[in-house]
Amino acid sequence: MCSTCPSHVPDPNHESDRGPALARNVAPGPNPGTSPPTSGNFDLGPPPCPGLDSNPNPGPDFSSDPAGDPCPSPDPDPKLEVGPSLVPGLQSLPKLDPESAGGEEGVTEEWLRAHDFEEWVQKEMYASPLYFSEYRPLIERAAAVVCTLRERFIIQERSLWLRLMKNGRMLKELNEIIPVVARVLAHVDSTDTAKDGPITVLDLCSGVGYMSVLLAELLRDSPKIARFVLVDHQFPLLGRPTEPHHINPDHLLKQDLFPHELTYRKYDLKKSNGHRCLQAHVIERAPGPVIVLGVHLCGLLSIRAVQTFNDNPRCSFMALKPCCLPPPWPGRRPDERVWTLGGHRIVARDVCARGSYNKNQWSGPPKAYLRPTFQRWAADLFRCLDVEPAGTKDMADVKLLHDNAHYQTLFVFAQRPYCAAAGIISDIGGEADRGLAVRAEGSGEAG
């Protein structure tokens with residue numbers, strides 16, 4: 001393992017390390033309007049996969065299922081009709097058409113006035129398979145949050161709201177993070193912040209931050225939250241101009257729009273310096289436990305998320321949803337790349353595969369061929385999570401789409417007692433099968 005971080009790691013996001021920055025209002029006040037109910041006792045969603053208990057060593061066993069499915073789904077009930085047809089009064093609403101909703105400008109206020117926004121939100125979110133499960137109450141609350149946010153944004157920052165909606169992309173993203181949100185709410189509810197201190201929520205590869213925005217609203221009245229930190233290498237540096245290739249963080253700079261502080265950091269998690277900055281300037285400065293969230297993390301980013309959790313005892317909870325498989329590396333044999341985390345090894349030849357999305361179009365082999373490899377990938381990540389003797393972890397298989405070809409349905413959860421000890425920056429490279437010392441430094445996906 002590498003030595004611990006130096007006493008001072010320059011943070012390009014911090015004004016003391018890179019010069020003057022723009023002033024920001026970080027003192028959020030109460031927001032007007034009706035607040036959603038606060039966190040309480042929540043169902044954790046579908047039970048963990050069979051065979052996955054709190055033992056940190058064994059992982060899922062695919063040997064009994066030739067298809068490699070750790071959580072075989074029961075045969076569907078032919079009498080059960082799923083989809084929006086079960087929601088009364090929603091069939092007459094049109095599907096969002098970007099052209100009729102304002103063309104390239106997205107969802108315009110004129111389009112919204114011509115349709116009932118609340119019913120449209122319900123139609124889009126209630127069409128999820130999760131709506132017909134234990135997650136139904138949480139999805140209904142999330143739909144109510146979207147309507148509340150719109151009212152608040154339209155009054156103060158209409159242009160920001162239209163940008164966040166992105167032709168309805170917000171609703172799709174919210175539906176896919178519901179299993180993680182449910183677990184986070186339950187974990188926050190069970191955390192003794194009077195003893196450990198308030199919670200910092202770390203949203204890795206956050207994009208614009210839909211998950212943090214929803215959690216901030218659902219935890220509106222909770223005194224247990226310190227702040228939300230969104231990390232993505234596509235953000236601009238704090239206080240610097242936003243370029244066209246950046247994620248625009250303007251909505252995060254309007255702190256009076258949210259009940260908790262939402263801030264952002266530009267760190268590249270594929271590089272060791274990005275991890276040092278994240279550890280030194282966010283995790284080590286947290287006043288209490290840190291929740292690590294990583295949804296739709298492609299390739300090496302999932303490994304880096306596990307590394308972040310393992311290396312920092314302050315991280316008491318993690319939710320991970322792996323996405324694309326790691327791609328093959330040009331010029332290197334698959335058996336020459338090995339990652340070691342939590343006492344377990346991930347060999348590239350077992351989990352790497354060609355294929356990726358380009359503008360929502362899949363380019364690669366048929367997805368059916370990738371399902372067993374993805375299950376192996378998620379199982380390896382599960383094994384590598386270090387929860388120590390007092391912690392627990394589990395894997396859940398949650399169907400997010402009605403399309404049965406969708407195979408990226410595995411969620412990994414871990415929790416352990418909070419410890420205020422300093423973290424390390426581990427070397428996740430290991431001895432390759434041919435005796436070559438290798439390091440995993442990048443996979444080509446966006447972070």
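Trainee: How many helices and strands does the secondary structure of the protein come to?

Mentor: Happy to start there. This is a predicted model, in which local features need pLDDT of at least 70 and side-chain atom pairs count only at pLDDT 80 or more, while totals for chains, interfaces and linings use all residues. Residues are numbered from 1 along each chain as its sequence is written, and side-chain values use heavy atoms, leaving out hydrogens and water. With helices taken as DSSP runs of H or I of at least four residues and strands as runs of E of at least two, numbered from the N terminus, the protein comes to 13 helices and 11 strands.

Trainee: Is strand β1 (residues 199-204) buried or exposed?

Mentor: Buried means under 20% relative accessible area, exposed over 50% and partly exposed in between, using a 1.4 Å probe and protein chains only. One side of β1 carries Ile-199, Val-201 and Asp-203, the other Thr-200, Leu-202 and Leu-204, and all are buried. Six of the six residues fall in that class, so the rest of the structure largely encloses β1, and the word for the strand is buried.

Trainee: Which residue of β4 is the bridge partner of Leu-204?

Mentor: Two strands pair if DSSP finds at least two bridges between them. β1 pairs in the parallel sense with strand β4 (residues 290-297) over five bridges. In β4, the partner of Leu-204 is Gly-294.

Trainee: And what is the handedness of the β-α-β crossover from β1 to β2?

Mentor: Strand β2 (residues 225-231) runs parallel to β1, joined by six bridges, and its Val-231 stands opposite Leu-204. A crossover is right-handed if, with the strands pointing away from the viewer, the path from the first strand over the helix to the second runs clockwise. Here the chain passes through helix α8 (residues 210-218), and the crossover is right-handed.

Trainee: Where is Asn-312 found, and what is its relative accessible area?

Mentor: Asn-312 lies in the loop between α11 (300-311) and β5 (315-322). Contact means heavy atoms within 4.5 Å, and beyond its neighbours within four places in sequence, Asn-312 touches Gln-279, Ile-283, Glu-284, Arg-416 and Gly-423. Asn-312 is buried, with a relative accessible area of 4%.

Trainee: Zooming out, what share of the 447 residues counts as buried?

Mentor: Among contacts between residues at least 6 apart in sequence, 79% join residues at least 24 apart. As for burial across the 447 residues, the share is 54%.
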